[in-house]
Amino acid sequence: MPLLQVVTVATREHRMGRRVAEWFLSRARAHGGFEIEDVDLAEVALPMFDEPKHPRFGQYEHAHTKAWSERVARADAFVFVTPEYNFGAPPSLVNAIDYLNKEWAYKPLGFVSYGGVSGGTRAVQMLKQIVSAVRLVPMVEAVHLPFFTQYVDQPTGDFRPPEVQADAAKAMLDEMVRWEGALRALRKDG
């Protein structure tokens, strides 16, 4: 079964992204099309890009880069659970992408974005340009969560969006399964 890494992008203290990620992780596990791995950039804790050589060479000097490379390389697909910062992509994610090159190539990428009125769509649009440079294949189907804090249950803190969001998650995962199978041959040739 292919491995899907669900990456929580927000790294700041008191972030809401983990709640959104936990909701999506439950949807992904219920879907059954992938083996699921939870990846939290706050725990990965990459410093600002500090490798002396360009990532395309794969000649990493730092232990944190080598560990990140091994982790990303073993995945067959990704979902980035991302907020929108100042109409754009969070620096934590741009930095994590920039660390590597070949490890990302020819793998499908889904987005679960959240925020205010735009639901994180501006961050996703920016990220699509960035991820295309490392040959990730962004899906058209996505989960966008506008005004997402209204779905946080106050007594429990659980994230409970409407069922239409679960339907969007299923549609995205269905498409990712198709793309992962089609892209597998390109990964083998690389």
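Q: Which backbone oxygen does the side chain of S132 reach?
A: In this predicted model, S132 sits in helix α5, residues 121–133. Its side chain comes to 2.7 Å from a backbone oxygen, and that oxygen belongs to K128.

Q: Is S132 buried, partly exposed or exposed?
A: Buried requires under 20% relative accessible area, and exposed requires over 50%. The relative accessible area of S132 is 42%, so the residue falls between these limits and counts as partly exposed.

Q: How far apart in space are S132 and Y106, C-alpha to C-alpha?
A: Along the sequence, S132 and Y106 are 26 residues apart. In space, their C-alpha atoms are separated by 9.8 Å.

Q: Where do the buried residues of α3 fall when seen down the axis of the helix?
A: Helix α3 covers residues 63–73, and T65, W68, S69 and V72 are buried in it. Seen down the axis, these buried residues fall within an arc of 105°, so they line one face of the helix.

Q: Which exposed residues are carried by the face of α3 turned away from its buried side?
A: The buried side of α3 is covered by elements that include β1 (3–8), β2 (35–40), α2 (41–44), β3 (77–83) and α4 (91–98). The face turned away from that side carries two exposed residues, A63 and E70.

Q: What is the nearest side chain of opposite charge to E103, and how far away is it?
A: E103 is placed in the loop between α4 and β4 (108–115). This glutamate is buried and has no salt bridge. A salt bridge would need a side-chain nitrogen of Lys or Arg within 4 Å of a carboxyl oxygen. For E103, the nearest side chain of opposite charge is K107, at 7.9 Å.

Q: Which side chain is joined to that of E103 by a polar contact?
A: Leaving aside residues up to four places away in sequence, E103 touches Y60, S69, V72 and A73. Two of these, S69 and V72, are among the buried residues of α3. The polar contact made by the side chain of E103 has a length of 2.7 Å, and the partner is S69.

Q: How far does helix α1 reach from its first C-alpha to its last?
A: Helix α1 runs over residues 17–31, which makes 15 residues. G32 follows the helix with a positive phi, near 85°. At 1.5 Å a residue, 21 Å is expected for α1, and the reach in the model is close to that, at 21 Å.

Q: About how many helical turns separate R18 and E22?
A: The side chains of R18 and E22 meet in a salt bridge, with N to O at 2.5 Å. R18 is buried, with a relative accessible area of 19%, whereas E22 is partly exposed at 41%. The two residues are four places apart in helix α1, so their separation is about one helical turn.

Q: Where in the chain are the parts linked by the pair R18 and D38?
A: R18, one of the buried residues of α1, also meets the side chain of D38 in a salt bridge of 2.7 Å, N to O. The pair links distant parts of the chain, 20 residues apart: helix α1 and strand β2.

Q: Is E180 buried or exposed?
A: E180 forms a salt bridge with R184, the closest N and O atoms being 2.5 Å apart. Both lie in helix α6 (residues 163–189), four residues apart, so about one helical turn separates them. R184 is partly exposed at 35% relative accessible area. E180 has 2% relative accessibility, so it counts as buried.

Q: What is the phi of N86, about?
A: N86 lies in the loop between β3 and α4. With 80% relative accessibility, N86 counts as exposed. Although N86 is not a glycine, its phi is positive, at about 50°.

Q: Where is the place of A45?
A: A45 is not a glycine, yet its phi is positive, at about 55°. Its place is in the loop between α2 and α3.

Methods: Residues are numbered from 1 along each chain as its sequence is written. This is a predicted model: local features need pLDDT of at least 70, side-chain atom pairs count only at pLDDT 80 or more; totals for chains, interfaces and linings use all residues. Side-chain values use heavy atoms; hydrogens and water are left out. Buried means under 20% relative accessible area, exposed over 50%, partly exposed in between (1.4 Å probe, protein chains only). The arc is that of the directions from the helix axis to the C-beta atoms. Contact means heavy atoms within 4.5 Å. Lys and Arg count as positive and Asp and Glu as negative; His and the chain ends are not counted. A polar contact is a pair of N or O atoms within 3.5 Å; within protein, one must be able to donate a hydrogen and the other to accept it, and residues adjacent in sequence count only if both atoms are side-chain atoms. The expected span of a helix is 1.5 Å times one less than its number of residues.
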